[in-house]
Amino acid sequence: MGAEAMAGEGAVIVLNAGSSSVKFRIADEAGARLLEGAVTGLGTAPVAKVKDAQGRAVPIDLPVEAIDEHEEALDLVLSLLERHLPGRRLLAAGHRVVHGGLDFAGPVRIEPQVLEQLEKLVPLAPLHQPHNLSAIRALARLRPTLPQVACFDTAFHLSQSRLVRLFGIPAP
């Protein structure tokens, strides 16, 4: 599909931010992959690998070696979207967030009060939650009007019955 055919079409980005990486997929509105990849080695020796819709490697002709944090990695990803998918308008971002506590049993639009609640859960997932939230804040700085949604690993457990949730826990 040429750039002319893509003009005006939307895209969504799904992000999984870790302590030293940002994994992503950019998809069309139907969910089909357009670009997918990762920026790894944040803070040490950054490397970016990206594939197109057919699984072919996408050349990265942008400076990667200076990337040190989530915001810079996301800026690179947004640049790839603009360079390799001209005319695609980013409609929303979805984030994998490890812990949603008891309040979030499904996807939720990220608003300031939601971010505050998620910050309080950092002690429950200290190796993951801070990095998930860092990417949310970074993308909000880069694209302040872009709607962002959080999807939680813990939502799976909230959907189970009380018996199943407690079965593996020894009685006090």
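View 1. The model is predicted: local features need pLDDT of at least 70, side-chain atom pairs count only at pLDDT 80 or more, and totals for chains, interfaces and linings use all residues. Residues are numbered from 1 along each chain as its sequence is written, and side-chain values use heavy atoms, with hydrogens and water left out.

**View 2. The largest nonpolar core.** This core (buried Ala, Val, Leu, Ile, Met, Phe, Trp, Tyr and Cys residues joined through side-chain atoms within 4.5 Å; buried means under 20% relative accessible area, 1.4 Å probe, protein chains only) has 31 residues. I13, F24, I26, L35, V39 and L76 have the most contacts inside it. Among the elements giving two or more residues are strand 1 (10-17), strand 3 (33-40) and helix 4 (129-142). Helix 2 gives the most, seven residues. A second, separate core of 14 residues includes F104, L121, F152 and A155.

**View 3. The F104 and F152 rings.** These rings are stacked (centres within 6.5 Å, planes under 30 degrees apart), at 5.3 Å centre to centre and 15° between the planes. F104 lies in the loop between strand 5 (89-97) and strand 6 (108-109) and F152 in strand 7 (residues 148-152), so the pair ties together parts 48 residues apart in sequence. Both F104 and F152 are buried.

**View 4. H99.** H99 sits in the loop between strand 5 and strand 6 and is buried, at 17% relative accessibility. The H99 side chain reaches the backbone nitrogen of G101 at 3.0 Å.

Note on methods. Rings of Phe, Tyr and Trp (its six-membered ring) pair if their centres lie within 6.5 Å; planes under 30 degrees apart count as stacked, over 60 as edge-to-face and the rest as tilted. Helices (H or I, at least four residues) and strands (E, at least two) are DSSP runs, numbered from the N terminus. Buried means under 20% relative accessible area, exposed over 50%, partly exposed in between (1.4 Å probe, protein chains only). A polar contact is a pair of N or O atoms within 3.5 Å; within protein, one must be able to donate a hydrogen and the other to accept it, and residues adjacent in sequence count only if both atoms are side-chain atoms.
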